[in-house]
Structure formats: C-alpha cells, structure tokens
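Colleague: Please take a close look at the ligand site in this model and describe what lines the ligand and which atoms approach it.

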Amino acid sequence: MSSTAWTDVDEYVADLLIGRDENLAEALQACEDAGLPPISVSAAQGQFLNLLATIQGAGKILEIGTLGGYSTIWLGRALPADGTLVTLEVDPTHAAVAESNVVAAGLGSRVDIRVGNALETLPQLEVEGAGPFDLVFIDADKPSIPEYVTWALRLARSGAVIVVDNVVRGGAVLDSDSDDPTVRGVRAMNELIAAEPRLTATVLQTVGSKGYDGFALAVVDAKSA
Ligand code: SAM
C-alpha cells in the first residue's frame, strides 16, 4: 500500500467520522500562518487521543509538547466542566499561537500553557502539587522521552494512561546501532518501559497522512489495580 493511499484513507476517515470542525481548521490555519512546522497529530489521531481521554474519564491531563495547541484542543474537549489540562512548550512563539487557538476553541479557562523547557517545568509542577494526572500525552523532543516518561510516572495516578507519539519513526526504531538521537531516545524509552514494573505497555504502529510511525501506550499500575 502506498503512502498516498495512507493519506487518502486518513482523509476518508476524517471526512466520514469527524467532519469539518471550524475551531480545529482555524487552529491549523493559524499554525500555518505563523510559520509553525506541520507536525501536529492528524485529525484521526486527535480523535483517538480524545477518545482515550474520554474512556479514561480524564479530569486532569498533562501534555508535553504543545506546538499550536491542535492536540491540546482534541484532548481538552474530553475534559469535564471542572477538568484541567496543563501543556508544556519550550518555544514562546508556538505557545502564543496555542494560547490564541485554545481560547478561540473555548478552552481558555481549563488549559494552562507553561512556557519553558519541559525538563524544568515538570519539576515545578511537582513542587506545586499539580496532578495527579489521569492521562499524559508526550509529544515533544524525542531524545528526552525517557525523562518525560519518568516524570509522567511521578506525576500520574495509579491507573493513569501515558501516550507517547512518534515512537516507530518509519521503522528506524529497529536500528540498535543508530546514532540518531531521536531513535536512541525512543529505544531508551522502550527499554525503560520494559523494565518498569509499574507500567503495562504496547506500541501501536500507525500509517496515515503523518507517514509511518506509532504510539506507545502504557497504563500505570494496571496489574495491581
Ligand atoms: N502535540 C502537538 C500537536 O499534535 O498539535 C505537536 C507537538 S510538536 C510535535 C513538538 C513540540 O514540542 C514543539 O512545539 C516543540 O517546540 C516542543 N518542544 C521541543 N522540545 C521541548 C522541550 N524541551 N520542552 C517543551 N517543549 C518542547
């Protein structure tokens, strides 16, 4: 199957099951207008994240890697009226676009965008007593994902869901000799998850408009629940 077919199927799924969504379309347009890279999750993946948060009944969500807030809106829409989402973004320009998009989507009062390196803002969240989080979505720099998973474990409740994007990287994850820091980060995260008794996890390969990649999905303390 060609990558053109993957994109066509993504469009078919989005058209049939999701439909035109003005807030999300405007958010993507604002990202493009501001010159942000086109690396948001796809609509089908956004809906997947929304469904995961809904199934989980997530009232507190942590996102690492905001970009223009596209996935933030998908996740934020699954929150109950008193729910909250904290999202961490290192680039102030990305964060400003996200802020505007989140407000336009009617989620401004429930979404807290923290600007800074997540490896610095995560310890601040712990000091503040933020959390415990019901769902953590990790979608920032890949070399740091082992640290992000470790932080997610510290800040998440038992039964929480942790999702990590871009963990297959066109199959490059198989290369144990890779000197690509993103591949090394993903492989180190997989080994960390495999050795962590509190996590029950899998990796789901994905194809679509974002190419060939995958999500890692883990549940905290699933075996003792
Ligand atoms: N989750 C977004 C979506 O689907 O709409 C896409 C996020 S994009 C793939 C990754 C984002 O992580 C970028 O905006 C980048 O600036 C941010 N980022 C990279 N390194 C970071 C770090 N150390 N701390 C916080 N954010 C970081």
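**The ligand site**

Modeller: Helix α4 (70-76) and strand β2 (84-89) each give at least two residues to the shell around the ligand (helices are DSSP runs of H or I with at least four residues, strands runs of E with at least two, numbered from the N terminus). This is a predicted model, in which local features need pLDDT of at least 70 and side-chain atom pairs pLDDT 80 or more, while totals for chains, interfaces and linings use all residues. Residues are numbered from 1 along each chain as its sequence is written, and side-chain values use heavy atoms, without hydrogens and water.

The ligand is surrounded by 22 residues, each with a heavy atom within 4 Å of it. Val 41, Ser 71, Glu 89, His 94 and Asp 139 are the closest. Sorted by class, the shell holds ten nonpolar, seven polar and five charged residues (Asp, Glu, Lys and Arg are charged; Ala, Val, Leu, Ile, Met, Phe, Trp, Tyr, Cys and Pro are nonpolar; the others, Gly among them, are polar).

Glu 89, one of the closest residues, has a polar side-chain atom 2.6 Å from a ligand oxygen; a polar contact here is a pair of N or O atoms within 3.5 Å. Asn 117 also uses its side chain, with a polar atom 3.1 Å from a nitrogen atom of the ligand. At Leu 67 the backbone takes part: an N or O atom there lies 3.3 Å from a ligand oxygen. The ligand exposes 600 Å² when taken alone, and the protein buries 89% of that area (Shrake-Rupley method, 1.4 Å probe).

Definitions and conventions
Polar contact = N/O pair within 3.5 Å; in protein donor to acceptor, adjacent residues only side chain to side chain.
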